[in-house]
Amino acid sequence: MAEQLIKTDCILCVWGCGINAFVEDGKLTRIEGMTEHPLSRGVLCSRGAALVEYVYSPDRIKYPMKKVDGNWQRISWDEALDTISGKLGQLKDEFEAHSLAIFCGSIGVENNELAAFARRFRGAYGTPNFLSVESNCYRARILAQQLTLGTFLIEEPGEAKCVLLWGHDPDNSKLPLANTLYESLEKGLDLVVINPKQTSLAKRGTHLSIRPGTDCALALSFLDVIISEDLYDKEFVQKNTIGFEKLAEHVKQYSPEEVAEITWIPADDIRKIARMYANAESASIVPGTCAIDQHLNGLQTGRAFAILQAVTGNIDVPGGWVNVPFPRLGSLHIKVEEEPIGAAEHPLFYRLWGREAPYGQTMYLTESILNEKPYPIKSMIVTGGNPVITLPDSNRIKQALEKLNLLVVIDLFMTETAKLADIVLPASSFVERSGVGYVYAVTSGMPFMLLRKKLIEPLYESWSDWKFWSELGRRMGYSEQFPWQTDDEIVEYWLKTSGLTVEQLTEQNPEGAFFAEKKYDLGTRGEFRTPSGKIEFYSETLAKYGYDPIPVHVEPSQSPTSNPELAKEYPLILTTGARVQQYTHTQFKNVPSLRRKAPEPIAEIHPETAMQFDVSDGDMIAIKTLKGEISMRARTTKDLAPKLVSIPHGWDQANANELTALEPRDPITGYTELKALLCKIRKV
Ligand SMILES: Nc1nc2c(c(=O)[nH]1)N[C@H]1C(S)=C(S)[C@@H](COP(=O)(O)OP(=O)(O)OC[C@H]3O[C@@H](n4cnc5c(=O)[nH]c(N)nc54)[C@H](O)[C@@H]3O)O[C@H]1N2
Ligand SMILES: Nc1nc2c(c(=O)[nH]1)N[C@H]1C(S)=C(S)[C@@H](COP(=O)(O)OP(=O)(O)OC[C@H]3O[C@@H](n4cnc5c(=O)[nH]c(N)nc54)[C@H](O)[C@@H]3O)O[C@H]1N2
Ligand code: SF4
Ligand SMILES: [Mo]
């Protein structure tokens with residue numbers, strides 16, 4: 001049969017770049033970037049380019065297996081589903097529905113056919129404990145904006161005259177954005193990169209080398225300069241905001257001189273950038289996807305960013321933060337009244353003004369499994385995630401998962417988490433099922449959607465996640481909740497309410513289509529979905545719950561300032577999880593073309609710092625925190641600020657999360673500290 005071209009998208013990471021896929025005799029033969037895709041415009045990163053290699057990897061899990069006396073035994077899907085449903089029924093009788101936790105990894109985010117189905121099963125079974133990576137990723141940013149602006153807005157860097165790229169290295173983590181910024185630089189964009197590392201983009205703009213975990217102080221100092229020098233948008237502030245006087249008074253304590261001490265950024269640079277940002281015709285702060293949030297006061301930093309955008313009038317104007325509609329897809333939601341774990345400790349994380357988050361706070365999982373607080377979690381199903389490596393304090397997570405009465409993992413590969421399971425199930429990859437791709441076009445400012453087409457039949461005995469959840473649901477008596485039998489039926493159900501049809505997205509617009517227009521009218525309408533109807537610089541809601549109503553700088557729990565005693569023994573600052581283009585978290589280490597490009601995890605340090613510790617470029621070093629010690633090869637680079645160590649996450653042999661802890665947590669969101677800890681190093 002002749003080669004067939006199918007237009008679809010890549011979700012080897014969250015950005016959903018457009019691809020032209022070529023299929024011949026039921027096999028995916030090759031892919032190329034799809035030029036019509038508005039976000040990626042024909043470019044693929046190295047992972048996308050390795051898609052075929054990934055799909056046909058010999059390491060795929062090929063059939064369901066159960067663990068018998070520590071060894072894997074092949075079983076049928078029937079036996080697997082019977083065992084799981086039998087056990088879940090028993091545990092529900094004995095320990096109530098809430099004893100089941102479902103953990104959905106980052107793969108669930110762009111992947112409705114995985115996450116929405118897992119969540120539906122959670123509703124049918126009746127457990128509130130649907131947990132995910134959003135306990136440490138992205139949710140804080142949504143909440144910060146909702147608290148301040150009432151709505152989650154999206155930055156529009158492609159249109160902006162000035163961009164503050166804050167804790168973000170899109171060359172590695174979001175290639176489509178990096179490409180947009182390089183193009184804008186050619187057209188005169190004022191780019192400021194706020195990062196302890198001088199990234200490739202930082203070399204093309206102004207670089208502010210910041211001490212990790214002090215971003216809120218810098219944002220507040222920008223506000224001090226902008227307000228005291230009268231550079232703010234008076235008309236916008238007067239019409240649309242409340243609490244400006246209190247804010248103006250509050251930020252006086254963050255003068256550039258004071259904040260220079262905190263952030264290690266010279267006061268003159270703080271003034272210069274504050275002026276540049278405020279005076280720009282249009283400006284967007286583009287925060288890292290998690291780098292700013294994984295601190296003790298990440299939520300408040302997010303609020304400070306929203307306040308900066310509002311004070312300068314960069315709200316819902318081209319190049320500012322804009323209101324992008326989400327598509328209306330058929331809902332799979334089933335309500336569960338009971339609150340999930342973590343909701344009691346972080347009430348706003350779970351529910352704000354009646355708006356419910358989809359997830360509980362995963363950082364409370366080990367409390368529940370190991371200490372049975374507030375009740376025991378006894379069983380867990382993990383889908384699209386590898387929490388043993390990606391959650392903080394891996395050793396404790398591992399200990400908890402080992403104690404479960406039932407652990408089921410559905411994945412393509414035998415991950416460190418899968419190795420702990422009682423039953424492992426083979427998942428199909430996204431090219432073996434249909435889906436709807438929109439999340440990351442929308443969160444990149446484009447109301448754009450495409451049909452993710454099934455390219456090939458599921459390999460081996462693998463199943464799509466939606467099929468697993470549906471079959472398990474039916475087996476447990478939830479047939480009514482799981483009526484869908486085929487990929488086509490599901491996609492049709494989703495699109496029914498969206499304004500776009502399956503036919504349109506396969507025949508007329510296989511490359512995808514815009515489903516709405518941006519209006520840029522929030523500011524002129526002056527309607528913000530907060531209790532006051534205005535943008536809230538001062539938050540009564542936060543005050544009511546005992547949190548700071550206006551953002552304040554909070555030192556990382558381990559820092560030379562907050563804990564000088566500890567800093568004597570652990571004198572370096574450790575930041576974890578800077579992205580590497582070849583890998584998505586723990587994934588793709590087994591894809592040869594990618595592994596060749598990035599064969600091992602690398603710890604970056606400044607040459608002067610290396611010298612102090614008698615370390616040379618290329619040496620193996622041990623990195624030690626209060627929590628543990630791991631070893632990696634050191635690379636010395638003047639790009640990284642001195643006194644820092646920057647390591648990647650996602651490697652099982654040198655697992656960054658053996659160095660991190662589940663406590664302390666951001667009081668509002670429950671996020672943990674992954675980006676600013678104290679450590680020491682030695683040559684091994
Ligand atoms: N290749 C690849 N791409 C990915 C992913 C992946 O695993 N691999 N993961 C995806 C996911 S789920 C996410 S959440 C995003 C993550 O996306 P981001 O959080 O934006 O991560 P990076 O782009 O690596 O940028 C983080 C930068 O922050 C800097 N940094 C570290 N600590 C601090 C700090 O305290 N303050 C400031 N200002 N800067 C700091 C680091 O030097 C680094 O350059 O990436 C997504 N894209
Ligand atoms: N120290 C430190 N830790 C971090 C971070 C950090 O910066 N520093 N970043 C955090 C962030 S932001 C995130 S988002 C998390 C990510 O954490 P995870 O989501 O747990 O990480 P992944 O390695 O992407 O795990 C995804 C798993 O899903 C599998 N998979 C892929 N496709 C499918 C599918 O279609 N179906 C099924 N069932 N499985 C599939 C993959 O094989 C892989 O095993 O890591 C967090 N951990
Ligand atoms: S950035 Fe790379 S891995 Fe992510 S969707 Fe695009 S091509 Fe795929
Ligand atoms: Mo993430």
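This is a predicted model: local features need pLDDT of at least 70, side-chain atom pairs count only at pLDDT 80 or more; totals for chains, interfaces and linings use all residues.
1. Position of ligand 1. The shell around ligand 1 takes residues from both domain 2 (139–323 + 521–544) and domain 3 (564–663 + 673–683), so ligand 1 lies between these domains. In total 32 residues surround ligand 1, and the closest are His168, Ser173, Asn195, Asp215 and Tyr583. By class, this shell comprises 13 nonpolar, 13 polar and six charged residues.

2. Polar contacts of ligand 1. A nitrogen atom of ligand 1 is 2.7 Å from a polar side-chain atom of Asp215. The backbone also takes part: a backbone N or O atom of Val580 lies 2.9 Å from a nitrogen atom of the ligand, and a polar backbone atom of Gly213 is 2.9 Å from an oxygen atom of ligand 1. Of the 910 Å² that ligand 1 exposes when taken alone, the protein buries 98%.

3. Thr301. This residue belongs to helix 13 (residues 298–311). Its relative accessibility is 3%, and Thr301 therefore counts as buried, the cut-off being under 20%. Apart from neighbours within four places in sequence, Thr301 is in contact with Asp215, Cys216 and Ile292.

4. Position of ligand 2. Ligand 2 is surrounded by 34 residues, of which the closest are Ser106, Thr390, Asp411, Thr586 and Lys675. The shell divides into 11 nonpolar, 18 polar and five charged residues.

5. Polar contacts of ligand 2. A polar side-chain atom of Arg433 is 2.9 Å from an oxygen atom of ligand 2, while a polar side-chain atom of Thr576 lies 3.0 Å from a nitrogen atom of the ligand. From the backbone, a polar atom of Ser428 is 3.5 Å from an oxygen atom of ligand 2. Taken alone, ligand 2 exposes 920 Å², and the protein buries 97% of that area.

6. Helix 19. This helix (residues 465–475) is largely enclosed by the rest of the structure, because eight of its 11 residues are buried. The buried residues are Asp465, Trp466, Phe468, Trp469, Ser470, Leu472, Gly473 and Arg474. After helix 19 comes Gly477, with a positive phi near 90 degrees.

Key:
Residues are numbered from 1 along each chain as its sequence is written. Chains are lettered from A and ligands numbered from 1 in the order in which they are written. Side-chain values use heavy atoms; hydrogens and water are left out. A residue is near a molecule or strand if one of its heavy atoms lies within 4 Å of it. A polar contact is a pair of N or O atoms within 3.5 Å; within protein, one must be able to donate a hydrogen and the other to accept it, and residues adjacent in sequence count only if both atoms are side-chain atoms. Accessible areas come from the Shrake-Rupley method with a 1.4 Å probe; for residues, only the protein chains shown count as cover. Ala, Val, Leu, Ile, Met, Phe, Trp, Tyr, Cys and Pro count as nonpolar, Asp, Glu, Lys and Arg as charged, and the others, Gly among them, as polar. Domain bounds come from an automatic or database domain assignment. Helices (H or I, at least four residues) and strands (E, at least two) are DSSP runs, numbered from the N terminus. Buried means under 20% relative accessible area, exposed over 50%, partly exposed in between (1.4 Å probe, protein chains only). Contact means heavy atoms within 4.5 Å.
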